[in-house]
Amino acid sequence: MAQKDVKFVKKCLFVVASGIFDGYDTPHQPSNISARSQKLFCFLMVVDEISLEFIKKNVTVREDNDGGEWVGIWRLILLKHPPYDEPRRNGKVPKILTHRLFPQAQYSIWIDGKMELIVDPLLLLER
């Protein structure tokens with residue numbers, strides 16, 4: 001991860017993570033998210049370089065003051081050196097190693113890249 005992303009992730013105690021690899025899709029915006037969840041949770045989308053290019057061509061990506069890239073509520077996190085040549089295998093890395101990518105997070109929720117979160121993440125943790 002880039003240093004700007006590492007710095008941002010260190011502040012995340014609650015994470016909703018997802019991933020898109022090989023330019024498969026664009027981020028789906030979650031719905032029914034409370035204002036409290038928007039403040040508490042970091043919504044992190046792990047992408048490879050091919051997906052980042054695809055997303056930039058197809059959706060509006062905004063940049064914040066720290067150089068972070070955002071698509072709606074999702075902060076894009078570039079995985080620079082994926083360990084495998086196959087995108088399906090690379091997609092498993094952030095899913096299985098979420099605790100290593102986001103070590104400060106007390107709780108993390110993984111949402112598959114082709115899915116849309118339609119329930120407030122606080123409700124998921126509460127259950």
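**Rings, charges and a disulfide**

Author: F43 is buried, with 3% relative accessible area. Buried means under 20%, exposed over 50%, partly exposed in between, using a 1.4 Å probe and protein chains only. This is a predicted model: local features need pLDDT of at least 70, side-chain atom pairs count only at pLDDT 80 or more, and totals for chains, interfaces and linings use all residues. Residues are numbered from 1 along each chain as its sequence is written, and side-chain values use heavy atoms, leaving out hydrogens and water.

Reader: How many aromatic pairs are there?

Author: The count is five. Rings of Phe, Tyr and Trp (its six-membered ring) pair if their centres lie within 6.5 Å; planes under 30 degrees apart are stacked, over 60 edge-to-face, the rest tilted. One of them is F14 with Y107, a stacked pair at 5.9 Å centre to centre and 0 degrees between the planes.

Reader: Where do F14 and Y107 lie?

Author: F14 is in strand β1 (residues 14-20) and Y107 in strand β6 (residues 107-110), so the pair ties together parts 93 residues apart in sequence. Strands (E, at least two residues) and helices (H or I, at least four) are DSSP runs, numbered from the N terminus.

Reader: Is F14 buried or exposed?

Author: F14 is buried, at 18% relative accessible area. Y107 is partly exposed, at 45%.

Reader: And what do F41 and F43 form?

Author: An aromatic pair that is tilted, 6.3 Å centre to centre with 45 degrees between the planes. F41 is buried too, at 5%.

Reader: Which residues form the aromatic cluster?

Author: F14, F41, F43, W74 and Y107 form one cluster.

Reader: New topic. Which ring does the charged end of R89 sit over?

Author: The ring of Y84, 4.1 Å from its centre. The rule: NZ of Lys or CZ of Arg within 6 Å of the ring centre and within 35 degrees of the ring normal. R75 lies over the face of F8, at 4.3 Å from the ring centre.

Reader: Now cysteines. How many disulfides does a search of the whole structure find?

Author: One. C12 and C42 form it, with sulfur atoms 2.1 Å apart; the cut-off is within 2.5 Å.

Reader: Where are C12 and C42?

Author: C12 is in the loop between α1 (3-9) and β1, and C42 in strand β2 (residues 41-47). The pair links distant parts of the chain, 30 residues apart.

Reader: Which hand does the link have?

Author: Left-handed, with -90 degrees about the S-S bond. Both C12 and C42 are buried.
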